[in-house]
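Hello,

Please find the structure below, as promised.

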Amino acid sequence: MVCRAPLYLAELARRGLKILLITPSSWREDALAAAKDPDHPASAIDEVAFVDGDVSRDNSYLPGVLSAARRWRDGYRIVGAYAVGETQVEPTGLLADALGLRTPGLRATRACRSKYLQRWYLPEFSPVSLTVPPEGRGPSTRPPSATRWWSSPRAGTPARASRR
């Protein structure tokens with residue numbers, strides 16, 4: 001995914017910055033093959049830390065990210081962090097905060113990945129909705145003010161009700 005922005009990598013390298021990449025282990029083969037190709041943007045990456053774990057499960061992926069960052073913190077002066085993909089936003093925010101780098105803040109990096117938290121912190125920008133925990137879902141969860149009811153096709157997505 002980092003190679004979707006080849007100019008970004010080229011600019012970092014042109015400025016003499018070392019490019020350190022933390023990515024899930026599932027990308028190992030692709031990343032190593034791309035890094036060997038001198039014409040591929042990934043060839044500008046200096047080090048890759050492949051992390052085991054599931055980015056969608058709490059406390060599965062983050063420990064590996066922190067371990068890699070700790071090793072690098074001791075060997076480099078880290079001046080920036082960039083979340084290349086959506087699933088990397090929260091770990092990147094935590095790293096940036098711990099390293100004293102500029103960041104939108106821990107609340108923002110956590111909330112941007114959660115529709116529920118976005119609606120909690122920014123109700124004035126949120127659609128009318130009802131958040132129902134998974135164990136509370138069923139036909140009886142319909143709000144009394146709803147004139148129409150839609151069930152989201154995705155599990156975990158809040159249902160919406162429109163008002164008259």
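**Salt bridges**

E11 and R15 form a salt bridge, with their closest N and O atoms 3.2 Å apart. Please keep in mind that this is a predicted model. E11 also meets the side chain of R14 in a salt bridge, at 2.9 Å from N to O. Both R14 and E11 belong to helix α1, which covers residues 6-14. They sit three residues apart there, about one turn of the helix. As background, residues three or four places apart on an α-helix point the same way, because the helix has 3.6 residues a turn.

E11, at 26%, is partly exposed.

The structure holds four salt bridges. Another of them joins R110 and E90, where the closest N and O atoms are 3.6 Å apart. This pair links distant parts of the chain, since R110 lies in helix α5 and E90 in helix α4, 20 residues apart. R110 is partly exposed, with a relative accessible area of 37%. E90 is partly exposed as well, with 25%. As for the bridges that share partners, they join E11, R14 and R15 into one network.

**Overall layout**

The chain has six helices and five strands. Along the sequence they follow the pattern α-β-α-β-α-α-α-α-β-β-β. The chain is 164 residues in length, and 26% of these count as buried. Its accessible surface comes to about 11,600 Å², and carbon and sulfur atoms account for 52% of that. Taking the contacts with a separation of 6 or more, 48% are between residues 24 or more positions apart.

**Strands β1 and β2**

How do β1 and β2 pair? They run in the parallel sense, over five bridges. Within this pairing, T23 stands opposite F50 in β2. β1 is mostly covered, with four of its five residues buried.

**Cores**

Which residues make up the largest nonpolar core? It has nine: I22, A49, V51, Y61, V65, A68, A69, W72 and L95. β2 (47-51) and α3 each supply at least two residues of this core. The largest share, four residues, comes from α3. A second, separate core has seven residues, among them I19, L21, A34 and I45. In general terms, nonpolar side chains tend to be buried together in soluble globular proteins.

L95, one of the residues of the largest core, touches I22, V65, L66 and A69 when residues up to four places away in sequence are not counted.

**Helix α4**

Helix α4 spans residues 89-98, and P91, T92, G93, L95 and A96 are buried in it. What do the buried residues of α4 pack against? Their neighbours are β1 (20-24), α3 (62-75) and α5 (106-111). After α4 comes G100, whose phi is positive, near 75°.

**Surface patch**

W120, Y121, L122 and F125 form a nonpolar patch on the surface. Together they have about 520 Å² of accessible area. Where is F125 placed? It is in the loop between α6 (115-121) and β3 (129-130). Is F125 buried or exposed? Its relative accessibility is 64%, so F125 counts as exposed, the cut-off being over 50%.

**In short**

The points to look at in the viewer are the network of E11, R14 and R15, the bridge between R110 and E90, the nine-residue core, and the surface patch that includes F125.

Regards

Conventions:
Residues numbered from 1 in each chain as written. Predicted model: local features only at pLDDT ≥ 70, side-chain atom pairs only at ≥ 80, totals over all residues. Heavy atoms only, no water. Patch = residues over 30% accessible without salt bridge, like charges linked within 9 Å, V, L, I, M, F, W, Y side chains within 5 Å. Areas by Shrake-Rupley, 256 points an atom, 1.4 Å probe, with all protein chains shown as cover. Buried < 20%, exposed > 50% of the residue type's maximum accessible area, 1.4 Å probe, protein only. Contact = heavy atoms within 4.5 Å. Core = buried A, V, L, I, M, F, W, Y, C linked by side-chain atoms within 4.5 Å. Pairing = 2+ DSSP bridges.
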